Amino acid sequence: MSESQRWFLLITTLVAGVLVYLLAPILSPFLVGALLAYLTDPIADRLEARGMGRTLAVVVVFVALTLLMVVSILLLIPQLSEQIQTMIRQIPVVLDLLHNRVLPWIEKTLDVNVSRPDIEFVREWIREHWQQTGNLAAQLMGGLTRSGLAVAAWAANLVLIPVVTFYLLRDWDLMMEKIQRLLPRNLEPRVTLWARECDEVLGAFIKGQLLVMLALGIIYALGLWVVGLDLALLIGMLAGLASIVPYMGFFVGIVVAVVAAYVQFQDPLVLLWVGVVFGIGQALEGMVLTPLLVGDRIGLHPVAVIFAIMAGGQLFGFVGVLLALPVAAVIMVLLRHLHEGYKSSRLYSSDQPESTGEVE
């Protein structure tokens, strides 16, 4: 890489960072559209390979994706609203258990005095306000309709996301080819190699780990529903989302599910069935889901995922969260190549000849 190319790359990176920072308020629908296009491009490529034209393949994928999202929203929002109501109604029961069983046990076991919460005050506050949280969809729509600007912004984003997704998906391969042609000829092979490695990292996480999260959420929700837990869907979704970090979904989900099951049934035997549900989910993740959906491709380290998402959100808000994983993948690939270069350099080699004072 020549000196001018290094300066060009540095300036381009700085300008891109400044533009992302300045344009962050309007970038969300474009980044969401790009993410959806990236995820569904392999499906469109397979349909195209079977004889469909690119536009027809994109239309089929786009219609299927739209129907899936609409049906999911229509099915999930009423169920989540009902389960949030149920959770709020159970708060007084949790407080009673805390006040009458947990805190006395802690005081007796540890020989300490624990301050007790004002149960009656909390119970009265919940009785006055829980009905206001009854209809989640109505509350969201009510909050939006009170602000014309918010309505306009949401409507624009909702319209832009499918439009951007459709056009990016239709022209995805063409755009990648044009970007490849724009690269300096002496750098094109190396940059193409790095791009493929970045795609492998992102594919292992986004196309693999997110599918594992979805599958685990469904498995946990169905299992807890069979057990009879009222908050099965809510806890299943929480455990699935927490599975963005391996094993975190299992620990978070089983703790919340055990508490919810004990509050609802107050029967220790039910806790055993909750453990069975999460044990089956963990076994399926290790033996079926991860090998099938992620395989042995190189993924991002869980700590790197957490740090990237938190750092992106802190620096650029929601746009930073969307950009966090692609940027982390690029950094990971660059660091790996820097590590390989360091290991093969004289700086690392133990058989490096001693310096003679001459400049090479």
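## An exposed ring and its aromatic partners

At 51% relative accessibility, F251 counts as exposed; here exposed means over 50% relative accessible area, buried under 20%, and partly exposed in between, with a 1.4 Å probe and protein chains only. The structure is a predicted model, in which local features need pLDDT of at least 70 and side-chain atom pairs count only at pLDDT 80 or more, while totals for chains, interfaces and linings use all residues. Residues are numbered from 1 along each chain as its sequence is written, and side-chain values use heavy atoms, with hydrogens and water left out.

Rings of Phe, Tyr and Trp (its six-membered ring) pair if their centres lie within 6.5 Å; planes under 30 degrees apart count as stacked, over 60 as edge-to-face and the rest as tilted. By this rule there are six aromatic pairs. One of them joins F250 and F251 edge-to-face, with 5.3 Å from centre to centre and 75° between the planes. F250 also pairs edge-to-face with F278, at 6.3 Å centre to centre and 75° between the planes. F250 lies in helix α10 (residues 248–265) and F278 in helix α11 (residues 268–294), so this pair ties together parts that are 28 residues apart in sequence. Helices are DSSP runs (H or I, at least four residues), and strands are runs of E (at least two), numbered from the N terminus.

F278 is buried, having a relative accessible area of 0%. Together, Y220, F250, F251 and F278 make up one aromatic cluster.

## Salt bridges

A salt bridge is a side-chain nitrogen of Lys or Arg within 4 Å of a carboxyl oxygen of Asp or Glu. The structure holds seven salt bridges. In one of these, R54 is joined to D41, with the closest N and O atoms 2.8 Å apart. This pair links distant parts of the chain, as R54 belongs to helix α2 (residues 54–89) and D41 to helix α1 (residues 3–49), 13 residues apart. R54 is buried, at 14% relative accessible area, and D41 is also buried, at 8%.

R54 forms a salt bridge with D45 as well, and there the closest N and O atoms are 2.7 Å apart. D45 counts as partly exposed, with 26% relative accessibility.

In helix α7 (residues 172–182), E177 and R181 lie four residues apart, about one turn of the helix. Their side chains meet in a salt bridge of 2.5 Å, N to O. E177 is partly exposed at 35% relative accessibility, whereas R181 is exposed at 58%. Elsewhere, salt bridges that share partners join D41, D45, E48, R54 and D173 into one network.

## Helix α2

The expected span of a helix is 1.5 Å times one less than its number of residues. For the 36 residues of α2 this gives 52 Å, and the end C-alpha atoms are 52 Å apart, which agrees. Several residues of α2 are buried, including R54, A57, V58, V61, L65 and L80.

## A nonpolar surface patch

Patches are made of residues with over 30% relative accessible area and no salt bridge; like charges are joined within 9 Å, and nonpolar side chains (Val, Leu, Ile, Met, Phe, Trp, Tyr) within 5 Å. Accessible areas come from the Shrake-Rupley method with a 1.4 Å probe, and for residues only the protein chains shown count as cover. One nonpolar patch on the surface includes W7, L10, I11, L14 and L19, and its residues together have about 1100 Å² of accessible area. L19 is found in helix α1 and is partly exposed, with a relative accessible area of 44%.
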